[in-house]
Amino acid sequence: MLKVIFGRNIVFWALLAGALFLSVNWRLCTIERGKYLLGIYYNGHFQNENDGTVYRDYLKTHGITHEFIKENI
Amino acid sequence: MRDFVFGIIPVNMDTHTTYGAAKFYFNNILNGVVPLWDPFVSLGRNFYLMDICNLFVPVTQVIGFLKLAGVNYANAFVAYLVVYFFIGCAGFYFLAKEILKNRSMAYLAYVALMFSSLGASMFTQTKLVELVVPAIWFFFFLIRFARQKNRGHFLGIAFTGMVLINSYLPFYFLTVGMVFTIVFVILYPSHARDFCINFYRFLSKHWLLALMCIVGLILAAAPLLAYKIIDARGEFVSPGRHCQYSSAQECYDRTMGRQGGMSYVEITRSGTLGERVDMQYLFGHLDKITYGSDSLFFLPVWVFVLLALSLFLPLQRLTVLLSVMTVLTGLIACGHAAGLFGFLYRHVLLFTYFRNFFFFGAFFIPILILLAVVQLQALIGVKPADGRSKKWAVGGIIALHVGFFWFLMHFQGVPAVSWITLGLSAVVFVFYYAGGFRFPLRLWTGAFTVLLVIQPAWIMRAYALNAIEFKYVLPSAHVTPVFGWVRPDKPKVDSNRIYQFGHYEGFWYDMNMTDAPANVGFSESVPRFTFDLSEHTPADVLSQYARYKIVLYDDLNSAGEAVSESSPQLDVIHFDVNTLRLKTDFSRPKILVYNDSYTASWKAYLDGMPVELLRANGAFKGVRVPEGPHTVEFTYRPPGGAWVYITATIALFTFMIGTMFMLYWGL
């Protein structure tokens, strides 16, 4: 019975997802993405010259503001 | 996508870079010169992109042939991209057919790949296509060889390996291959053992073929090795790679202190998967992606629906293999945000040299599609026999769709077409489990194709509409370069500025083969002495001095005389990107300084005889010229010269034809 229960995709994928979730520093990913979106890497300023709605949505969703960047990066 | 394919919307981002390199390369090839040096930007530098832009691969030669047929370079380049992508899609069909043993499932895998972001992103990030296409064919030949050990399949493995070496950096494929090997050996130990034994037997029997393949791989690797030799000599530095987020002094120290290898921080500072891909954009806001964002990564939503529907299916070894490959590659791609990469960086030399880990994302696309199609095959294999089983199956499928509906609700901006796909999917599966499985599979394949295609087709339409505002005509005319005595003061490209990032503008000059202003700036590759000089000289002073390509001195202590045009005393006999040949007739001995970057690989000749090449004014080339009529020549001769590239191209052609021949005749 246990073999039937544990021999399902959901159990294995849950284990993998757990391992992935615990192995990754998600906050760091968010900060890096914020830096990228704000265009620091490419133009040296806290702004992206060309991007539109999607990026603003992202920053709003993740709480990455100019102040956050200045304080944390 | 029509506007992309026909070049109405120009390529952007890194594809723009690759186009710049391809235009420069084929333009010079058609002028009869293998370009090794780029005299137009950064005061002269090596043509470093030559080794990483797929230029020697047979399919890429389409650009040159189409140009000869009258097509302009930009359209020829897009034709190459599209052809290359469809070769990859075809390879994926054959690979899926080998794995799944089912043509319908293979066809669905092919459709899913075609409608994934891989197709759309080739116009902004062609590297993804260049990495994945040969990898798909490599795995196809590998599986074929494992099942049928003939010479054609072996040659196919060697040929795709050669292409992979030429496609950007083989690091990405090596990493995925390494992950695959480890997981495969653990999951299929007996298969792995049998493969090794049979492989050894094949090599013993066909040792000459094996030797030939090794030679082919070495020839294909020669351009990259030649580049690494120059790199190891320290002739060139990469301020664009070493200077991110640092002070001027730190930038200088780091750039001058490193040739090739980058620190852990430099590698992981940018380009990680976490930086470029966000879970939010797997499902939401897909219709708002700006053309020019290299973060574009999506799969048809039905691929994710299939994965959700298969949650309660029995676990297969193939599912484990593909899932673990995805997670391990993902962890590596996360850079310093995950511990695995840190471990590999410290213990495996390979990982100290590369970055842009988000390129691994390209491999997720075919892996996840295969995973989903494997699950679909298992899902349609469930055929409830009695009424009670049917009720359970229908109830389960509705519950899982509701679950996915709930999951999607957590994302912002999910396009309506995704909800429609989810609803249609529920209807199709309910009919299937209610007894529709008795109909032919071909009928269901049609329905599954619709489910796969409607959402990405709508997103691609939105993407094209976003991109339609991106109007610009890329330089695409054939150019015969003319030696300019004076570099321009101001950037010529300003009025045409379309580039999202400033440092891409340099390629505009390469495409037109015309001189950029005399500055160094942000760059991926600059001769070491030129970078050093630019760091210690005020930009306006350097710019004013280096405006003039040729400066004459009576002796080491005299003031220089800048030359702004040809004269009976000094004229250009020949100019191409690798060589400058001058005719001189001075009334007294002179030191002639050519304000183009000095490196040790440049040679000087006087009347055809080698003479000492001076490093003049810190970073430039100089030669002593006696009075009277003479011929002075400066030529760039890096290790291996043009032959490295010519032999690599010939080897790749030969192996491609050999593979096709052997496969055709079943040898």
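In the predicted model, the axes of helix α5 (residues 103–114) and helix α23 (residues 441–467) of chain B come within 10 Å and cross at roughly 15°. Axes are lines fitted to C-alpha atoms, for helices over the stretch in contact, with angles running from 0 to 180 degrees between N-to-C directions; helices (H or I, at least four residues) and strands (E, at least two) are DSSP runs numbered from the N terminus. α5(B) and α23(B) are therefore roughly parallel to each other, a class that comprises angles under 35 degrees. The crossing of α5(B) past α23(B) is right-handed, that is, the near helix is turned clockwise from the far one by less than a right angle. Contacts (C-beta atoms, placed from the backbone, within 7 Å) link B:Ser104, B:Tyr107, B:Leu108, B:Val111 and B:Ala112 of α5(B) with residues of α23(B), including B:Leu441, B:Thr445, B:Phe448 and B:Leu452.

Residues are numbered from 1 along each chain as its sequence is written, and chains are lettered from A and ligands numbered from 1 in the order in which they are written. Local features need pLDDT of at least 70 and side-chain atom pairs count only at pLDDT 80 or more, whereas totals for chains, interfaces and linings use all residues.

Five strands of chain B form an open sheet with antiparallel pairing, in the order β7-β8-β14-β10-β11; pairing requires at least two bridges found by DSSP between two strands. Strand β8 (residues 579–586) of chain B is joined to the antiparallel strand β14 (residues 628–636) of chain B by eight bridges. Within β14(B), B:His630 stands opposite B:Thr584, and B:Pro629 is the bridge partner of B:Asp585. Strand β10 (residues 602–606) of chain B also runs antiparallel to β14(B), with five bridges between them; here B:Trp602 stands opposite B:Tyr636.

Chain B comprises 27 helices and 14 strands. The C-alpha atoms of chain B fill a box of roughly 105 × 60 × 50 Å along the principal axes. Of the contacts in chain B with a separation of 6 or more, 78% are between residues 24 or more positions apart.

Methods: Contact = placed C-beta atoms within 7 Å. Parallel < 35°, antiparallel > 145°, perpendicular 65-115°, else oblique.
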